[in-house]
Amino acid sequence: MTPANLLDFDLDGLAAFCEKLGEKRFRATQLFRWIHQKGEADFSAMSDLAKSLRDKLAGVAAVTPLSVLSEQASSDGTIKWLFDVGGGNAVESVFIPEDDRGTLCVSSQAGCAVGCRFCSTGHQGFSRNLTTGEIVAQLWFAEHHLRKRLKLAPGERAITNVVMMGMGEPLQNYAALVPALRVMLDDHGYGLSRRRVTVSTSGVVPMIDRLREDCPVALAVSLHAPDDTLRDHLVPLNKKYPIAELLDACNRYLDRAPRDFITFEYCMLDGVNDTPAHAEALVEISRRISCKFNLIPFNPFPESGLVRSPRERVTAFARVLQDAGVVTTVRKTRGDDIAAACGQLAGEVQDRTNAAERMTRAPIQIHRKTKTPSSTPPEKHA
Ligand code: SF4
């Protein structure tokens, strides 16, 4: 029998699992804390756990990490891991250090079915949903690896923020996503506040409503176009859930959201969505919902046929929004030297037949560089 992966469980799930072993909830809480707060995978090392429970767990349960295929560290401090998820598939996580926070960008699917025009992951197609354990394992590995690597003091956290902006559309993997979010939020787990955990979606309207009920965390929406005609082209999911419906769902979400605004991600594409008229149209959208805009310089990749907007045009675009009183930021690019924009590294293993070969020969690459202050998550899921 394959042992149950305890990274698959939120605390309620672990309590139910322990109950089947005849153990009380407080034992599950102890176990949960050992796994997530101390990063321990070896039951025999969980010294204050009853010997009887440790014996029961051996053979029926395991803490199953993901194998690291490669690690790359940018000169700006960004670190990117490529994880093997089996079957020739790989997913990425990216750590972005800043002065006042450490953000981990986490993947939710191997590939993605949404197929956004400007997204490297979208061009790879969809392979499969990650399990809760595979989503949590990215955080589990990164947090405990970084604590050692950065020589953090006991109790000090490496990761203060999580953004579900890696590979995949998280709201199309809802059943696995929500328990993973609960592990991140749980005080016995990673204890992150709802404001510091962000789900980024391309706009799966019914699931935005469900997330509002089940686990309202910060929400980012990949907008990328101010009108349906253009958005249909850039984000094909728009044909199913057009902008008006999306904005309605966002307004409903705000009732329960931990922040009083929605972040709209907007990837700046030369000659496509970056004119003053597009900016003015976004100003109109901002009058329908409490929001801020995050303008993202496009990270080109050959198959896209798209080009990054010139810097001056991005600045002018931002100014139109800012002059209209709309909070607008321009995302600094991070990890350019390691292709940290999400999907780029896994894109290299996109021809999935070669991925297995790559996995056998790819050495773990560590290029430790100095941390420098700067900004936000990598360009990503949107
Ligand atoms: S931007 Fe997000 S939703 Fe769109 S294809 Fe990429 S990963 Fe999927």
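Is Glu169 buried or exposed, and how many other C-beta atoms lie within 10 Å? Glu169 is buried, with 30 of them. Buried means 20 or more other C-beta atoms within 10 Å of a residue's own, exposed means 12 or fewer, and partly exposed lies in between, with C-beta atoms placed from the backbone. This is a predicted model: local features need pLDDT of at least 70, side-chain atom pairs count only at pLDDT 80 or more, and totals for chains, interfaces and linings use all residues. Residues are numbered from 1 along each chain as its sequence is written.

**View 1. Glu169 and its contacts.** Glu169 sits in the loop between β9 (161–164) and α5 (174–185). Helices (H or I, at least four residues) and strands (E, at least two) are DSSP runs, numbered from the N terminus. Beyond its neighbours within four places in sequence, Glu169 contacts Gln109, Cys112, Val114, Thr201, Ser202 and Val204. A contact means C-beta atoms, placed from the backbone, within 7 Å.

**View 2. The UniProt "binding site".** An unreviewed UniProt entry puts this feature at Gly168, Glu169, Ser200, Ser222, Leu223, His224 and Asn299. UniProt positions follow the numbering used here, feature names are shortened, and annotations may be inferred rather than shown by experiment. Ser222 belongs to strand β11 (residues 218–222). Ser222 is buried, with 28 other C-beta atoms within 10 Å.

**View 3. The largest nonpolar core.** Such a core is a set of buried Ala, Val, Leu, Ile, Met, Phe, Trp, Tyr and Cys residues joined through C-beta atoms within 7 Å. Of its 97 residues, Leu139, Val162, Met184 and Met268 touch the most other members. Helix α4 (residues 132–149) gives the largest share, seven residues. The core lies between domain 1 (4–62) and domain 2 (67–361), because both give residues to it. Domain bounds come from an automatic or database domain assignment.

Definitions and conventions
Contact = placed C-beta atoms within 7 Å.
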